[in-house]
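Hello! Here are a few friendly notes to read beside the model. Please keep the sequence and the 3D view open as you go through the points.

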Amino acid sequence: MIHHQKKLLAALACAAIGPLQAQTAASAPRPAEPPKPFTFFVTSEGLGKGADLGGLAGADAHCRKLASAVGNGAKTWRAYLSTQEADGQPAVNARDRIGAGPWTNARGAVVARDLAHLHGDTLELARLGSNLTRNTVFTEKNEPVKGSGDKPNQHDILTGSQPDGRAFADAADHTCRNYGSSAADGSAQVGHFDRTGGGNSSWNSAHASRGCGQENLVSTGGAGLFYCFALD
């Protein structure tokens, strides 16, 4: 009898442990999915000095730093920024710095197939538009950027570019002295990543900022953020 009771108690214990183990397994957090390889993002943060990015070299380094922090620093990263002719140096076009594409975001979606698709180089492509929208623009951390309607609105993205991705050729300052100024005066051309606001849906050439300092950029709906693209 005693032996029979022991066997019965052991069976009951096993029956109780089984569901408990299943419940524990179900409630255990699933391992995080490995990050998808990406070749495009908006910086999650600026350098904190308005449009003073340390020139193109400083902006490129910031792209590389942010990408490296999430395990994607092996690529050759370039900031999507144009510069103007100054001090004997020729202008630089943003579109000439970023490779040939295609470019994908941190969720694996293609934002543009190539340069022509990105900029709408033909009438057909201009009507089609690139896939760069509020639904596809994310930071290197795979997080959305605050856009029109959010608080604070940070949809102004520094580019210094015309809609075709090329530098301005007039005498006005469109780049905050080629991203070396954080003064209250001066200006930088910005785009709207969310393709809305102010009656202009351009992702790369919506309007000029009201100055070059951090407070100036914030006042027009920005935070000193910029686009980063990988060459490879």
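1. Let us start with a term: a residue is buried when its relative accessible area is under 20%, exposed when over 50%, and partly exposed in between, using a 1.4 Å probe and protein chains only. By that rule Cys176 and Cys212 are both buried.

2. Some ground rules come next. This is a predicted model, in which local features need pLDDT of at least 70 and side-chain atom pairs count only at pLDDT 80 or more, while totals for chains, interfaces and linings use all residues. Residues are numbered from 1 along each chain as its sequence is written, and side-chain values use heavy atoms, with hydrogens and water left out.

3. How many disulfides does a search of the whole structure find? There are 2, where a disulfide is a pair of cysteine sulfur atoms within 2.5 Å. Counting bonded cysteines along the chain, the pattern is 1-4, 2-3.

4. Look at the disulfide between Cys63 and Cys228, whose sulfur atoms are 2.0 Å apart. Cys63 sits in helix α2 (residues 55-69) and Cys228 in strand β8, so this pair ties together parts 165 residues apart in sequence. Helices (H or I, at least four residues) and strands (E, at least two) are DSSP runs, numbered from the N terminus. The torsion about the S-S bond of Cys63 and Cys228 is about -80°, so this disulfide is left-handed. Cys63 is buried, with a relative accessible area of 0%, and Cys228 is buried with a value of 0%.

5. Now turn to Cys176 and Cys212, joined by a disulfide with an S to S distance of 2.1 Å. This pair links distant parts of the chain, 36 residues apart: Cys176 is in helix α5 (residues 176-179), and Cys212 is in the loop between β7 (207-208) and α6 (214-219). The S-S torsion of Cys176 and Cys212 is about -95°, so this disulfide is left-handed.

6. A cavity is a set of points, on a 1 Å grid over the protein atoms alone, where a 1.4 Å probe fits but cannot get out; lining residues have an atom within 4 Å of a point. The count comes to 1 cavity of 30 Å³ or more, and the largest cavity holds about 50 Å³, a volume being the space filled by probe spheres set on the points.

7. Which strand gives the largest share of the lining of the largest cavity? β8 does, with 4 residues. Both β5 (156-158) and β8 (222-230) supply at least two lining residues each. Among the lining residues are Asp156, Leu158 and Gly222.

How values were computed. On a 1 Å grid over the protein atoms alone, a cavity is a set of points where a 1.4 Å probe fits but cannot get out, and a pocket is an open set with protein on both sides within 12 Å along at least five of seven lines; lining residues have an atom within 4 Å of a point.
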